[in-house]
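Student: I have a model open and would like to learn how to read its local features. Could you take me through them one by one?

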Amino acid sequence: FQIGRSTESPIDFVVTDTVPGSQSNLDTQSVQSTISRFACRIICERSPPFTARIYAAGFDSSKNIFLGEKAAKWKTSDGQMDGLTTNGVLVMHPRNGFTEDSKPGVWREISVCGNVFSLRETRSAQHRGKKV
C-alpha cells in the first residue's frame with residue numbers, strides 16, 4: 001500500500017494533516033503539510049509468516065524509489081543507496097503492546113530501505129539519527 005498526501009493514482013491511502021482548532025478545510029489551506037506527497041509504502045505478506053514492512057518514500061510508475069531534492073540520502077556499507085523522506089516517516093510501538101494499558105513508546109524514523117533510526121535533531125535535518 002502506498003501512503004501519502006498526494007491524490008495521484010499510485011497513492012492507495014491519502015493522509016492529510018489536522019490543525020488543532022481548525023473548523024474546516026479552509027482553515028488549513030495556508031499551512032504547509034508535514035506529510036510527504038509519497039510518504040511510505042507498507043508491504044504485507046499474505047502467507048505465513050504474515051510479516052508487514054514499512055519503507056519510507058514513494059515509488060514512481062517504474063517502481064523506482066522517488067525522494068525529494070531536500071531529502072537526506074547516503075550510501076550504505078554494501079554500496080546500496082538509502083535515505084529519509086524530507087518530512088520523515090515516524091513510527092512508535094506502544095509499551096505494553098496494543099492494550100488498554102498501552103503507554104507511548106519511543107518514536108523512531110524509517111528509511112527508504114526499511115531501516116530504523118532514532119529521530120533526527122529536526123524533522124528536516126540532513127543527517128540521520130543513530131541506527132536502531
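Student: Where is F50 found?

Tutor: F50 is found in the loop between β3 and β4; strands here are DSSP runs of E with at least two residues, numbered from the N terminus. A word on the source: this is a predicted model, in which local features need pLDDT of at least 70 and side-chain atom pairs count only at pLDDT 80 or more, while totals for chains, interfaces and linings use all residues. Residues are numbered from 1 along each chain as its sequence is written, and side-chain values use heavy atoms, with hydrogens and water left out.

Student: What is the phi of F50?

Tutor: Most residues other than glycine have a negative phi, and most peptide bonds are trans. F50 is not a glycine, yet its phi is positive, about 55°. In the loop between β3 (40-44) and β4 (52-56) you will also find P49, joined to P48 by a cis peptide bond with omega of about 15°.

Student: Is F50 buried or exposed?

Tutor: Buried means under 20% relative accessible area, exposed over 50%, and partly exposed in between, with a 1.4 Å probe and protein chains only. F50 has 54%, so it is exposed. N96, in the loop between β9 and β10, also has a positive phi, about 70°, and counts as exposed at 53%.

Student: How many aromatic pairs are there?

Tutor: Rings of Phe, Tyr and Trp (its six-membered ring) pair if their centres lie within 6.5 Å; planes under 30 degrees apart count as stacked, over 60 as edge-to-face and the rest as tilted. By this rule there are 2 aromatic pairs. The F1 and F13 ring centres are 5.6 Å apart with planes at 55°, so that pair is tilted. F1 is partly exposed at 44%, and F13 is partly exposed at 42%. For W74 and F117, the centres are 5.6 Å apart and the planes at 85°, so the pair is edge-to-face. This pair links strand β7 (residues 73-75) to strand β11, 43 residues apart, and both W74 and F117 are buried.

Student: Which charged end sits over the ring of W74?

Tutor: The rule asks for NZ of Lys or CZ of Arg within 6 Å of the ring centre and within 35 degrees of the ring normal. Here the charged end of R128 sits over the W74 ring, 4.5 Å from its centre.

Student: In what order do the strands of the open sheet run?

Tutor: Strands of a sheet pair through backbone hydrogen bonds, either parallel or antiparallel. Two strands pair if DSSP finds at least two bridges between them. The order is β9-β10-β11, with antiparallel pairing, and β9 (90-92) and β11 (116-117) are the edge strands.

Terms used: Helix = DSSP H or I, 4+ residues; strand = E, 2+ residues; numbered from the N terminus.
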